Structures are given as C-alpha cells and as structure tokens.
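Please keep the sequence and the structure in view while reading.

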Amino acid sequence: MGRSTLVSVLCALGIAGCAGRAPEAARSRESLQRVVAEVSAEPGQGAPAAAPGAAADEAAAAEDAEAHDDGVEVDDDFEPPVEPGVGAAVHSPLASMTEAQIEELLAKDPAALGPMSLGPTNAGALFNGIRMPEDPRWELVDPNHAWGTRETVESLERAIAEVHRQYPGSPKLYIGHISARSGGRLSPHKSHQAGRDVDISYFLDARHRWYQRATAANLDRERTWAFVRALITETDVELILIDTSVQRLLKEHALKIGEDKGWLDEVFQFGSRKPRPLIRHARGHANHIHIRFYSPIAQESAVRAYPLLVKRGAIKPTTYYVRHTAKKGQTLGSLARQYGTTVEAIKRANGLRSTAIQAKRVYNIPRAGGGPAAPPLKHVTVPPRRLPPPRVADPSVPERRDDIGPALGG
Ligand SMILES: [Zn+2]
C-alpha cells in the first residue's frame with residue numbers, strides 16, 4: 001500500500017486547520033480524552049490490571065488528568081479559532097537575512113536570533129526561550145518550566161498589568177506551566193511544547209491556592225473578566241480554555257456590566273452557537289485557565305531558521321504527524337515498520353491502551369521532522385483581534401454635549 005495510504009500531513013496538529021474533517025476530529029478528540037490519564041501516567045506501561053498498585057496508580061493518574069487535563073487541549077483537533085487565511089502576514093527579522101548571515105549568528109551568538117517557537121504546540125520545541133520573570137503580581141509555581149516566547153511573556157504581562165491598572169492592589173495570580181526551557185514534552189501535558197501555552201489561576205477570593213476550583217462562591221468575576229477581556233482585546237491570543245461552569249459566571253458578569261452581547265457570543269462558547277469561539281470548554285479547566293498565544297515573530301523566525309537549526313544540530317527535529325487509514329491485516333507493528341517509528345509512539349499519539357487497531361480507522365502516525373521528506377514548518381497567520389463594537393454614544397455622556405454647542409457649556 002505505501003504512499004496512497006499516507007494521507008495528508010496532519011494539518012491539525014498545531015497551526016493549520018482541518019476544516020471539513022469534523023467527524024474524524026471529534027472521534028480522535030474523544031479517544032484522546034479517554035486516555036489522557038494513561039498518557040499522563042507517564043511510565044508507559046499498559047496498566048496491566050493484575051500488577052500490584054496498578055489500580056491505585058490508575059486512579060491517581062485519572063485524578064491527575066482531571067486536575068491537570070491538558071491532554072484535552074489537543075484542541076489541535078478542534079476547529080481552528082479563525083478561518084485560515086484571514087489576518088495579517090507576519091514578518092520576522094530573520095526574513096531579511098541571508099542563509100549565511102543566519103548561520104554565522106547561530107555559530108557566534110545564537111541568542112541574537114531571538115526566540116523561536118518551532119512546530120505545533122503538541123509536538124514542537126522552543127529555541128532561545130525567555131523565562132517568565134518573577135514579579136509581585138504573580139507567583140511562578142514551577143519556574144523551571146515557565147519558558148516562553150517573548151510574545152507569550154509580554155502578552156501575559158500586558159493582560160495582568162491591565163487588571164492592576166483597573167484594580168490596583170489586586171491579589172497575585174499563580175502561573176503554572178508554560179514550557180520547558182527547550183520546549184518539547186512536558187508531563188502531564190500534551191501541549192505546552194512550543195512556548196505558547198500558559199496555565200494560570202483564576203482570580204479567586206483572598207485565600208486562594210493554586211489549582212483551587214473556581215466556583216460561584218469564590219470567583220472574583222471583576223478581575224477575572226478584566227484579565228480575560230485584556231487577553232482578547234490586547235494580545236494575540238489563539239485560544240482560551242475555561243470550564244463551562246466558569247464561562248457561565250464570567251459571561252453573566254460581562255452582560256451585567258454592559259458588554260455587547262453579540263461580541264460575547266462570539267468569544268464565549270458557553271451559551272452560543274457561533275463558530276470558532278475563542279473561549280472553549282475543556283475538561284480539567286475549572287481550576288485554571290489555559291491560554292495559547294500566537295507568537296508571530298517567534299513562529300516565523302522558526303519557519304525561516306528550522307532547517308538550519310536541524311542541520312547544525314542546534315535542535316532535534318520536531319515531530320510531525322501523518323494520518324493513516326488502517327487496512328485489514330495491518331498491525332501497530334507493521335505501521336511502526338512502515339513509518340519508521342515505534343509501537344509505543346503510535347499508541348501514545350492515538351491514546352491506545354492495547355495494540356489492537358481497526359481497519360478503516362484513521363490513526364495519527366508520529367514521524368521525526370527534519371528529513372528531506374518532512375514538511376516544512378507552517379507559516380503563521382494572525383487573525384484580526386476580536387474587538388467589541390464601539391459603545392454607542394449616550395446622549396447623557398458629557399463629551400456629547402460639546403457637539404451640541406455652547407448652549408450647554410459650563
Ligand atoms: Zn495547560
């Protein structure tokens with residue numbers, strides 16, 4: 001069979017969209033959700049029921065997944081938040097440099113190339129990442145895994161600063177994982193691999209702890225909404241994951257303070273049937289917000305420099321995925337041989353508990369990038385920000401009076 005079964009490069013894993021693949025996407029999302037626990041459990045054993053302690057391990061893993069269920073963020077299978085092709089093309093400073101110039105910098109002063117977010121968030125890497133600084137306005141829960149692109153760090157700072165501008169003396173937020181220093185797999189997440197994903201707490205009442213569940217009783221709606229609003233209106237945010245129960249509280253609050261309903265329906269998944277909401281539900285996000293930022297410069301720099309970084313050994317090739325429709329008689333072993341990967345890797349990419357596969361089902365096959373047959377990294381297109389409509393001027397608002405003339409002056 002060979003080539004003909006090698007269905008297109010898995011567009012979804014990361015940047016580009018998979019429009020028109022909804023049923024497949026839904027199916028694989030479901031299967032991924034089912035096994036986040038297993039993926040998160042890490043030590044790769046197929047959880048044999050008889051093994052001593054296996055049940056306890058599994059329960060712990062399930063709990064962990066529930067609490068920290070970033071595997072579900074394989075929203076990579078989600079419909080992309082924006083229509084592909086809409087938005088601004090992005091330029092990296094590396095675009096105007098020659099190959100030789102980039103190579104020289106790489107040899108002499110690699111940091112000068114700037115941060116790069118390489119590949120999809122669930123199979124990517126980070127080069128020249130920047131660590132989120134310490135600050136009284138937040139606490140880094142795990143400073144060794146708080147590395148991101150410059151755009152991620154600055155966007156986060158900006159949204160938090162906006163909350164403090166509106167509400168001076170706000171309590172600190174907790175910032176969980178962003179990425180490891182060089183990106184790549186960061187347990188227990190699927191994403192968080194390319195310096196663009198952030199886990200952060202909600203603003204809760206004064207005594208709150210990291211990973212405390214947000215409820216109607218403890219959620220600080222004003223500050224949390226100010227934060228989310230700033231993310232949407234002032235940063236290049238790609239996706240925000242918030243549990244439906246918390247979306248409801250925030251949306252109700254936003255409506256109450258007079259935000260535009262049409263706009264809220266576009267940004268919130270809760271209570272709306274509009275396509276491509278920015279704020280979506282994913283299991284495990286009642287106790288923290290997951291934010292994914294575009295990092296246009298870092299992503300475009302990566303597109304430009306990736307082949308060279310691989311050639312020079314500065315990074316390992318990032319994984320990419322192909323979709324394979326299984327045929328009768330095929331096994332994970334035969335697929336692993338065909339694609340030059342391992343049974344374990346295929347199991348992990350598809351959340352399989354056993355080695356059984358079914359004919360006609362589509363499987364994601366991980367492959368190492370960087371080789372001559374590997375696809376180049378994808379260019380990024382940052383969509384226009386979704387801004388609320390300008391407020392209709394109220395005749396009673398003072399600036400209106402100037403229009404009417406001096407009669408009302410004084
Ligand atoms: Zn996360």
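Helix 6 has 14 residues, and its first and last C-alpha atoms are 19 Å apart, close to the 20 Å expected at 1.5 Å a residue. That expected span is 1.5 Å times one less than the number of residues in the helix. Helices (H or I, at least four residues) and strands (E, at least two) are DSSP runs, numbered from the N terminus. The model is predicted: local features need pLDDT of at least 70 and side-chain atom pairs count only at pLDDT 80 or more, while totals for chains, interfaces and linings use all residues. Residues are numbered from 1 along each chain as its sequence is written, and side-chain values use heavy atoms, with hydrogens and water left out.

The N-terminal end of helix 6 is capped by D220, which has a side-chain oxygen 3.3 Å from the backbone nitrogen of E222. Helix 6 is mostly covered, since 10 of its 14 residues are buried. Buried here means under 20% relative accessible area, exposed means over 50%, and partly exposed lies in between (1.4 Å probe, protein chains only). Among the buried residues of helix 6 are W225, F227, V228, L231 and I232.

In soluble globular proteins, nonpolar side chains tend to be buried together. A nonpolar core is a set of buried Ala, Val, Leu, Ile, Met, Phe, Trp, Tyr and Cys residues joined through side-chain atoms within 4.5 Å. The largest such core has 42 residues, and those with the most contacts inside it are L156, I175, I200, F227 and I291. Helix 6 gives the most to this core, with seven residues. Leaving aside neighbours within four places in sequence, F227 is in contact (heavy atoms within 4.5 Å) with L156, A159, I160, V163, I200, F203, I289 and I291. A second, separate core has 18 residues, including L113, A125, I315 and L377.

**Helix 5 and T152**

Buried residues of helix 5 include V153, L156, A159, I160 and V163.

T152 belongs to helix 5, which covers residues 150–166. Is T152 buried or exposed? T152 is buried, with a relative accessible area of 0%. Not counting residues up to four places away in sequence, T152 touches I178, G195, R196, V198, F293 and S295. The side chains of T152 and S295 are joined by a polar contact of 3.5 Å. A polar contact is a pair of N or O atoms within 3.5 Å; within protein, one must be able to donate a hydrogen and the other to accept it, and residues adjacent in sequence count only if both atoms are side-chain atoms. T152 and I178 are 26 residues apart along the chain, and their C-alpha atoms are separated by 8.9 Å.

**Salt bridges**

Side chains of opposite charge can pair when their charged atoms come close. A salt bridge is a side-chain nitrogen of Lys or Arg within 4 Å of a carboxyl oxygen of Asp or Glu. The whole structure contains 16 salt bridges. Some of them are listed below.

| Pair | N to O distance |
|---|---|
| R312 and E103 | 2.4 Å |
| E234 and R158 | 3.2 Å |
| R229 and E259 | 2.6 Å |

R229 lies in helix 6 and E259 in the loop between helix 7 (244–256) and helix 8 (261–267), so this pair ties together parts that are 30 residues apart in sequence. R229 is partly exposed at 24% relative accessible area, whereas E259 is buried at 8%. For the pair of E234 and R158, E234 is partly exposed at 21% relative accessibility, and R158 is partly exposed at 46%.

**H177 and the whole chain**

H177 lies in the loop between strand 8 (173–175) and strand 9 (197–200). With 12% relative accessibility, H177 counts as buried. Beyond residues up to four places away in sequence, H177 touches several others, including D142, H145, H189, H192, D197 and D199.

The protein chain has 12 helices and 15 strands. Of its 410 residues, 50% count as buried. Among contacts with a separation of 6 or more, residues 24 or more positions apart account for 74%.
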